[in-house]
Amino acid sequence: MTVNEAKLMEFVHKFVGDLGATMAAGGVVVGDRLGLYRALATGAALPEELAERTGTAPRYVEEWLRGQAAGGYVEFDPASGRYSLTPEQAFALTDPDGPIFAPGAFQLALGALKAEPRITAAFRTGDGLGWHQHDDDVFTGCERFFRPGYSAHLIAEWLPALDGISDRLRAGIRVADVGCGHGASTVLMAQAYPNSVFTGSDYHHGSVEQARKRAADAGLDGRVTFEASGAQGFGGGPYDLVTTFDALHDMGDPLGAARHIHSQLTPSGAWMIVEPAAGATVADNLNPVGRVYYSFSAFLCVPSALSQDGGYSLGAQAGEEPIRRLATDAGFTRFRRVAETPFNIVYEAKP
């Protein structure tokens, strides 16, 4: 084997960067859980000062700060020895309700990686691994990862892009949010449209219980309900709007789900499908966003789908045409892309 030394070193540099990023993921979660980022956002600090603010051990905090500075997540002033956050770093690291919240993504990633032995075994057998079989950080991290994007775009951009739906929501319609997880999307819609009634459903009982708590805490009891059921069996229709947020590609029988959604819609209803941003081909997805989604898909989405009846998996980078075909095969006569962000694409399907 002949090895080009320059190309080898280029790959080694890539590997070192990835190794550092992998370990740094734990540091981000630690910083979030201990309030280190939030405390540092109040002002520059020496390690011992930040430790005092957060009730933590100075030596641990010192090493954490050094690693964070090496990774560009905090700033270091050699003259004073103090560490600080830029406004941009604070924006992405300290506000779980903001439009970007990096710690949630890392919490999801670390939670997913805890299943590595079972995923390795699944690669050999072809068996699935159910969403409900993952670590709790997967469920919480998933909500914290996706909710910022929903908060930023769902009410302001995505729903208004659907044909006449915003006006109908304001007047009052019935909505089903399928695969709702902890109910972040359901609660956001219910808060924005008080005249409409919402039903969330998810096959994961633990997530449904959390969704009920979220709705109760938001004062939405009576107008928002949740049920533990799969996408092929949720009830309560007919609905004027059905939504699936980053959920269709996790389903083992997405065509069955699409057919059931079609059967639960009124003749003038709409299905809003929010899926991860993806290009039409594998080559189109060989970029940083595609890398994130393919990697999550191998640990979460594909195993989840293969664990269910149907045994079929779209994967997190399916792209527009497979989803269009699925909607058409399910009986929908109209399908269009209505909105997109760097991380999501939104489609509308109508009977």
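Which helices each supply at least two residues of the lining of the largest pocket? In this predicted model, where local features need pLDDT of at least 70, side-chain atom pairs count only at pLDDT 80 or more, and totals for chains, interfaces and linings use all residues, they are α1 (5-33), α5 (87-93), α6 (102-113), α8 (136-161) and α13 (288-306). Residues are numbered from 1 along each chain as its sequence is written, and side-chain values use heavy atoms, with hydrogens and water left out.

**Terms**
- A pocket is an open set of points on a 1 Å grid over the protein atoms alone, where a 1.4 Å probe fits and protein lies on both sides within 12 Å along at least five of seven lines, and its lining residues have an atom within 4 Å of a point.
- Helices (H or I, at least four residues) and strands (E, at least two) are DSSP runs, numbered from the N terminus.

**Largest pocket**
- The volume, which is the space filled by probe spheres set on grid points joined across faces, edges and corners, is about 1,300 Å³ for the largest pocket.
- Its lining has 38 residues, and those nearest the centre are A105, F106, F145, V292 and F296.
- Helix α8 gives the largest share of this lining, eight residues.

**Second largest pocket**
- The second largest pocket has a volume of about 720 Å³, and among its 41 lining residues G179, D202, D246, A247 and D250 are the closest to its centre.
- At least two lining residues each come from α8, α10 (184-192), β4 (197-202) and α13, with α8 giving the largest share, seven residues.
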